[in-house]
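Please examine the model shown below.

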Amino acid sequence: MTEFDYQQLDDVIHSRIRLAAMAVLAAVDDAEFTFLRDRVQATDGNLGAHLKRLEDADYVAVEKAFVARKPVTRYRLTARGRRAFREYVKRIDRMLRAGQEGT
Amino acid sequence: MSQQLDDLASIRALMDQAQRTLEDDGRYFVAWGLLTSAGLSATYLIVTQSWSLRAVWALWAVLVALGIAIGLHWGRQHRQRAAARTVASSMVSDTWTGVSLGLVVLTFAGGASGTIPPTAVPGVVSAVVGVGAFACSAMYRQLPLKLAALSWWAGGAAMLIWPGRYTILLMAALVLALLVAPGLVLAARARAARASQPDA
């Protein structure tokens, strides 16, 4: 296995929208769907589909509730998701550093 | 390669931005400010009319209990309604909770027991509130809050150096200028931000 082995990268995270959503969630305790959408700048449908993929992988947990009679969906990273994100960033960082040293 | 490096840098910027998200509609500042300035005005009246000092302690016990009850209720509401719960908002909340509890100890244990002379209480309170404002200024990233901290300390120093009944009124003026006014500014900003938010 080399530093450049693409199989090292978690393909659940390796999409720009999922990576951005994971990054936002890694920086907060939890966040509403609208907060994530505004930060990631994705459409509702697109972001929803990507978050479902993260939820299926048990990387994010979802909590639906009614606040002031309005439905609110909150997302947070699970412990597994947090570990996976840390590992992903570490690996991509290592890969890019190795690339820079090689040039 | 540079594209990936840019992506990684923007991910870090996104995280940093999210971490610093701080939603504050200023209502704690306004509520505590109004309660405190009402209490200070009443205290001035009691002191100048030479009524029982016990009335001062009873008044403040009621006001502080009311402030804590309002704070707990709004805190619960805020946790449910905040678009994101962030480190910055926890730090601000913990700083003000710590400052408030410290003030309760200083004023009630210190002031009521006489360890801190009653005439020194406004100065001590002012100096401690300055610590809260200074600690939070970095999280709000607002220079005016840093200047407010300096004003709290300057006011506290003046009150401790030249004690007297006037300190009660000076304290009330500081509360209105440095707590209620910034609270109203934050409230106006929060309303403007909500108005510019697209519907979910």
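In chain B, the mean positions of the 14 positive and 8 negative charges lie 14 Å apart. Lys and Arg are counted as positive, Asp and Glu as negative, with His and the chain ends not counted; each charge is placed at NZ of Lys, CZ of Arg, CG of Asp or CD of Glu.

## Basis of the model

This is a predicted model, in which local features need pLDDT of at least 70 and side-chain atom pairs pLDDT 80 or more, while totals for chains, interfaces and linings use all residues. Residues are numbered from 1 along each chain, chains are lettered from A and ligands numbered from 1 in the order written, and side-chain values use heavy atoms, without hydrogens and water.

## Overall form

Chain B has seven helices and one strand, taken as DSSP runs (helices H or I, at least four residues; strands E, at least two) numbered from the N terminus. Their order along the sequence is α-α-α-β-α-α-α-α. The C-alpha atoms fill a box of roughly 75 × 35 × 25 Å along the principal axes.

## Aromatic pairs

Tyr28(B) and Trp74(B) form an edge-to-face pair, 5.9 Å centre to centre with 80° between the planes (ring centres within 6.5 Å, Trp by its six-membered ring; planes under 30 degrees apart are stacked, over 60 edge-to-face, the rest tilted). Tyr28(B) lies in helix H2 (residues 27-48) and Trp74(B) in helix H3 (residues 53-81) of chain B, so the pair ties together parts 46 residues apart in sequence.

Phe29(B) and Trp96(B) also form an edge-to-face pair, at 5.8 Å and 80°. This pair links helix H2 to helix H4 (residues 87-113) of chain B, 67 residues apart.
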